[in-house]
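The structure is shown first.

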Amino acid sequence: MEVAKSLQQIPSSYIREILAAACDKNVISLAGGLPDEKTFPIDLMKPTLESLCEMPEVFQYGSTAGYGPLLDYLKGYLLLPDSHSVMVTTGSQQGLDLIARAYVNPGDTVVMEAPSYLGAMQVFGLVQANIATVPQTEFGPDLDKLETCFSEQSPKMFYAVPDFHNPTGVCWSLATRKKVAELCIKYDVALIEDAPYRELRFSGEAVQLVSDFCPQHSIVLRSFSKIGSPGLRVAAVSGKTPYIEPLIKIKQGADLHSSVPMQALLLGLLKHNDFGQHIEAIRTLYKSRYEKLFTELKSQLPDTCIVKPVDGGMFVWVELPECDTFALAKSLLANGVAVVPSPVFYPDPESAGAACG
Ligand SMILES: Cc1ncc(COP(=O)(O)O)c(C=O)c1O
């Protein structure tokens with residue numbers, strides 16, 4: 001049977017290869033955003049895991065939007081106004097997929113920063129979006145180029161990872177956030193704000209979500225994979241109610257609902273008195289690992305390599321003099337270290353330049 005045309009144009013996912021390399025215990029993986037297993041808050045989940053045995057109702061079919069008590073909790077946790085709704089998805093990756101399928105027709109323009117999160121390029125590629133990219137600076141997207149793109153291409157949405165971007169680690173400045181929100185309102189572009197690394201800030205002050213400045217023009221994806229556990233596959237998608245309703249419709253056809261026991265487990269975790277302390281502990285751990293990596297890269301690489309400092313998250317981006325980054329990644333893997341060559345983060349790898357992530 002011939003696969004659908006939409007799939008024929010998608011190159012085989014590099015994510016799968018990265019995950020395979022990262023799972024090899026003999027490899028030091030700098031390749032994917034995998035949280036350290038030792039940090040999973042299993043002790044904090046234990047009381048809920050035990051009480052699930054007394055909750056047969058969570059093992060029944062559930063509601064597509066999500067487990068009621070979790071949705072109620074999330075409305076407060078995410079400080080949602082009355083005009084907004086939240087739904088639960090099977091990871092924020094499913095949230096992205098639902099957004100793409102609910103809103104993007106083949107040929108519609110979706111804007112992203114370049115480089116971009118691989119999983120988002122894959123999702124928008126599958127719905128045959130026209131992916132337009134805007135270069136990223138140390139403060140976020142190049143604002144002049146973003147405005148030109150908005151005004152000339154009338155995109156439907158701008159997909160962005162403003163907090164500790166995957167793969168560059170860039171965190172947008174407050175001024176950039178305000179300006180992007182202003183542009184989204186001015187040109188009527190929906191902002192899709194993907195924030196899985198937001199809580200992993202280990203230096204500097206937290207900045208508001210971009211969507212706080214354009215709440216009627218945005219959908220926010222909040223993953224619990226990096227601060228809880230990715231295996232739970234539970235994330236929250238929020239936005240004004242008319243933006244969320246079509247997503248619930250699509251999700252119904254996709255999987256009826258996300259696992260209710262896992263949603264109940266996440267709720268127990270979020271409500272646990274020590275959850276805040278757990279986040280502090282992982283921030284401290286990732287900070288010390290980042291400092292070690294950054295210091296070693298700075299001292300061991302020649303001056304022609306530029307290592308960009310970050311204030312949080314899981315990624316460090318290294319710019320190299322022009323070279324074959326695929327050959328470099330292969331040779332590093334042969335030496336037990338997995339990294340990702342930069343061209344895979346560009347919808348058009350030809351435009352990737354000499355950077356290497
Ligand atoms: C930017 C970004 N968005 C979404 C995801 C997917 O997260 P989830 O595990 O919630 O599906 C990731 C995972 O690494 C990511 O880096």
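Strand β2 (residues 84-89) and strand β9 (residues 235-240) run antiparallel and are joined by six bridges; strands are DSSP runs of E with at least two residues, and two strands pair if DSSP finds at least two bridges between them. The model is predicted: local features need pLDDT of at least 70, side-chain atom pairs count only at pLDDT 80 or more, and totals for chains, interfaces and linings use all residues. Residues are numbered from 1 along each chain as its sequence is written, and side-chain values use heavy atoms, leaving out hydrogens and water.

**Strand β2**
- H84 stands opposite K240 of β9.
- Six of the six residues of β2 are buried (under 20% relative accessible area, 1.4 Å probe, protein chains only).
- One side of β2 carries H84, V86 and V88, the other S85, M87 and T89, and both faces are covered.

**Helices α5 and α9**
- Helix α5 (residues 91-103) packs against helix α9 (residues 241-255) at about 105°, with the axes 9 Å apart.
- The two helices are therefore roughly perpendicular (65 to 115 degrees).
- Residues in contact (heavy atoms within 4.5 Å) include L98 and Y103 of α5 and I250 and K251 of α9.
- By class, this contact has eleven nonpolar, one polar and three charged residues.

**Lysine K251**
- K251, in helix α9, is buried, with a relative accessible area of 0%.
- The side chains of K251 and S258 form a polar contact of 2.8 Å.
- Not counting residues up to four places away in sequence, K251 touches residues including M87, V88, T89, Q94 and L98.

How values were computed. Axes are lines fitted to C-alpha atoms, for helices over the stretch in contact, and angles run from 0 to 180 degrees between N-to-C directions. Helices (H or I, at least four residues) and strands (E, at least two) are DSSP runs, numbered from the N terminus. Angles under 35 degrees count as roughly parallel, over 145 as roughly antiparallel, 65 to 115 as roughly perpendicular and the rest as oblique. Ala, Val, Leu, Ile, Met, Phe, Trp, Tyr, Cys and Pro count as nonpolar, Asp, Glu, Lys and Arg as charged, and the others, Gly among them, as polar. Buried means under 20% relative accessible area, exposed over 50%, partly exposed in between (1.4 Å probe, protein chains only). A polar contact is a pair of N or O atoms within 3.5 Å; within protein, one must be able to donate a hydrogen and the other to accept it, and residues adjacent in sequence count only if both atoms are side-chain atoms.
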